[in-house]
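Hello,

Here is the structure I promised to pass on. My notes on its aromatic rings follow below it.

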Amino acid sequence: AASSLATAEIKINEFLSFEGFVDMSYTHKDKDTNGTKDSDNTFGIDQVEIDWLFNFGKVTAQVDLEYEDNGAQGNNTEVEQAFVSYDLGNGSALTAGRYESMLGLEAKEPTGLYQFSTAYDGNNFLPQYGQGVKYTGQSNDLSYGLSLQDESFDNDGNRLGGGNNGTSDGTYSVEAAASLVSGNITYSLGGAYEDRDDDGSQWVGNGHVVYQSGAWTLGAEYNIGTEETTGASDTDRTSGLVMANYAYNDASSVTARVSFGEEETGANTDEFLKYTLAHNYAVTDNLAIITEVSLREDENPSSVESDTLTGAVEVLFTF
């Protein structure tokens with residue numbers, strides 16, 4: 001409860017239930033770019049999600065409907081996930097549809113985060129969601145998955161085996177991941193590769209480790225990847241984080257995190273370093289207040305340096 005709120009299914013009947021959350025926040029930013037200062041305040045609903053859960057024994061399904069504020073890009077309402085799973089027994093399952101990536105230490109929803117912001121902000125090059133078929137299995141302390149998808153990195157609208165409007169260009173992506181639990185430590189390793197026919201390819205590798213003992217949760221992650229675009233220079237990317245969370249009572253915790261990222265295209269290099277300190281307080285089982293202060297330092301090839309100091313208060317309601 002101190003790090004995240006667990007949603008509790010609201011059961012309609014023996015086959016159907018639903019859960020979800022409402023996420024709202026106030027943020028204040030002070031940005032200094034080569035001596036030029038600017039500030040900004042925002043307040044509003046960041047995200048609303050309702051997840052419909054279907055259970056027919058060996059066959060289960062899930063449909064996630066989401067509203068999200070994408071800032072300058074405007075609001076977005078979409079089907080975030082929609083998939084069907086068949087239980088093959090012995091801890092294995094076959095899933096088809098649209099589902100989230102298996103890669104990454106941080107959760108993809110605010111209900112699973114230890115703080116308000118994500119580690120990499122808009123510089124996260126890890127896969128998020130894809131459409132395809134996935135096999136997952138488990139053997140004792142080892143869990144693993146293999147997914148064949150239309151794409152991993154949301155680079156275009158093409159689909160597996162062919163493109164839009166009858167064109168021959170298409171994409172395919174393969175993603176694999178495995179996790180091993182050994183005592184209080186969980187080791188995870190995975191990667192994804194996407195081929196975009198004549199437009200190039202992209203791959204990423206992800207490794208992270210999490211240690212949990214009593215009130216402490218410690219984590220570290222490292223990501224590496226390359227994007228090859230036809231007719232342009234390759235882009236090499238790296239990123240990573242270290243974090244520590246301490247729950248000092250049943251309802252409250254503090255989190256410290258340091259994250260970084262680097263993107264190199266030809267002779268140009270963009271870098272950032274981010275420091276985050278957050279406090280999470282579970283008012284009730286369904287309501288949490290998260291406060292955060294973060295400092296992000298950016299530097300790009302044009303010798304532009306910027307420091308962004310952000311303060312945020314988030315209210316997260318789950319059902």
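Which residues form one aromatic cluster? They are F18, W52, F317 and F319. Bear in mind that this is a predicted model.

The count of aromatic pairs comes to six. Take F18 and F319 to begin with. Their ring centres are 6.4 Å apart and their planes stand at 65°. Over 60 degrees counts as edge-to-face, so that is the label for F18 and F319. F18 belongs to strand β2, residues 16–33. F319 sits in the segment after β17 (305–318). The pair therefore ties together parts that are 301 residues apart in sequence. F319 has a relative accessibility of 17%, so this residue counts as buried; the cut-off is under 20%.

Now W216 and Y246. The centres of these two rings lie 4.8 Å apart, with the planes at 45°. W216 is in strand β12 (residues 216–229), and Y246 is in strand β13 (residues 235–247). Here the parts tied together are 30 residues apart in sequence. W216 is partly exposed, at 41% relative accessible area. Y246 is partly exposed too, at 32%.

K134 lies over the face of Y99, 4.5 Å from the ring centre. R296 has its charged end over the ring of F272, at 4.0 Å from the centre.

Best wishes

How values were computed:
Residues numbered from 1 in each chain as written. Predicted model: local features only at pLDDT ≥ 70, side-chain atom pairs only at ≥ 80, totals over all residues. Heavy atoms only, no water. Phe/Tyr/Trp six-rings, centres within 6.5 Å; stacked < 30°, edge-to-face > 60°. Helix = DSSP H or I, 4+ residues; strand = E, 2+ residues; numbered from the N terminus. Buried < 20%, exposed > 50% of the residue type's maximum accessible area, 1.4 Å probe, protein only. Lys NZ or Arg CZ within 6 Å of the ring centre and 35° of its normal.
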